[in-house]
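Please have a look at the model first.

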Amino acid sequence: MQNEKSIAVLNTLIEINNDRIEGYRTAFRQTNEEDLRSLFSRLGRTSQKCKAELVQEVNRLGGTPIQGTRNTGKVFRLWMDLKLTLTGKDRNAILDSCEYGEDVATNIYNTAIIERTNVLTIIQKKMIGDQCRMITSDHDKIKQERDTVLLDK
C-alpha cells in the first residue's frame, strides 16, 4: 500500500515533467530567437533528467510510470499556440507563457514535498527536493528573461 501511494506521487511528478518537456518543445517552435531556443532546449533537458530519475524510481517500486501529459497541460499548450498566433510570437508573450508553466510545475513539486512527505522515503524526498530546486532555478531564469524584456520596453 505504501508503494502505491509513493508511485502515485512520483507519477504526478512524471506527468508535470512531461508537460514541461512538451511545453518547451512548443515554445521552441514558437520562436526564431536563438537565445530563447537554446534556453528552452536546456530547460527541456532539466525535465528529461528529472523524468528519467522518477521513472527509474517508479520501476524500482514495481509500478508503471505514467505516459503522456495532463489534460490541463494540453489545454494550456493549445491556448499558448493561439495566444502566440494572435500576438505575433512576441518574446514577452512566449516568456510569460513559460513562466506560467513553471509556476504550475513548482507548485506541484512543493505540494509533493509538503503534503505528500509521509508517503515518501528519505531518498525519494531528497530526489524530489533536488529536482524542485532545479525547476525553481529554471523558473527564475524564465522570470529574469521576461523581466529583462519588460525593462527594455
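Predicted model: local features only at pLDDT ≥ 70, side-chain atom pairs only at ≥ 80, totals over all residues.

Residues are numbered from 1 along each chain as its sequence is written, and side-chain values use heavy atoms, with hydrogens and water left out.

Two packed helices are described by the angle between their axes and the distance between the axes. Axes here are lines fitted to C-alpha atoms, for helices over the stretch in contact, and angles run from 0 to 180 degrees between N-to-C directions. Helices are DSSP runs (H or I, at least four residues), numbered from the N terminus.

| Helix pair | Angle | Axis distance |
|---|---|---|
| α1 (residues 2-30) and α2 (residues 34-60) | about 160 degrees | 9 Å |
| α1 and α4 (residues 91-115) | about 170 degrees | 10 Å |
| α2 and α4 | roughly 15 degrees | within 12 Å |

Let's start with α1 and α2. Their angle of about 160 degrees makes α1 roughly antiparallel to α2 (over 145 degrees counts as roughly antiparallel). The crossing of α1 past α2 is left-handed, a term used if the near helix is turned anticlockwise from the far one by less than a right angle. By class, this α1 and α2 contact has 14 nonpolar, eight polar and five charged residues. Ala, Val, Leu, Ile, Met, Phe, Trp, Tyr, Cys and Pro count as nonpolar, Asp, Glu, Lys and Arg as charged, and the others, Gly among them, as polar.

Next, α1 and α4 are also roughly antiparallel to each other. Contact (heavy atoms within 4.5 Å) involves residues including V9, L13 and Y24 of α1 and I94, C98 and Y109 of α4. The contact of α1 with α4 has twelve nonpolar, three polar and two charged residues.

How do α2 and α4 run? Their axes cross at roughly 15 degrees, which makes α2 roughly parallel to α4 (under 35 degrees). Here too, α2 passes α4 in a left-handed crossing. D35, L36, F40, C50 and L54 of α2 meet R91, I94, L95, C98 and Y109 of α4; by class, these are eight nonpolar, no polar and two charged.

Finally, R37 lies over the face of F28, at 4.2 Å from the ring centre (CZ of Arg within 6 Å of the ring centre and within 35 degrees of the ring normal).

Definitions and conventions
Helix = DSSP H or I, 4+ residues; strand = E, 2+ residues; numbered from the N terminus. Parallel < 35°, antiparallel > 145°, perpendicular 65-115°, else oblique.
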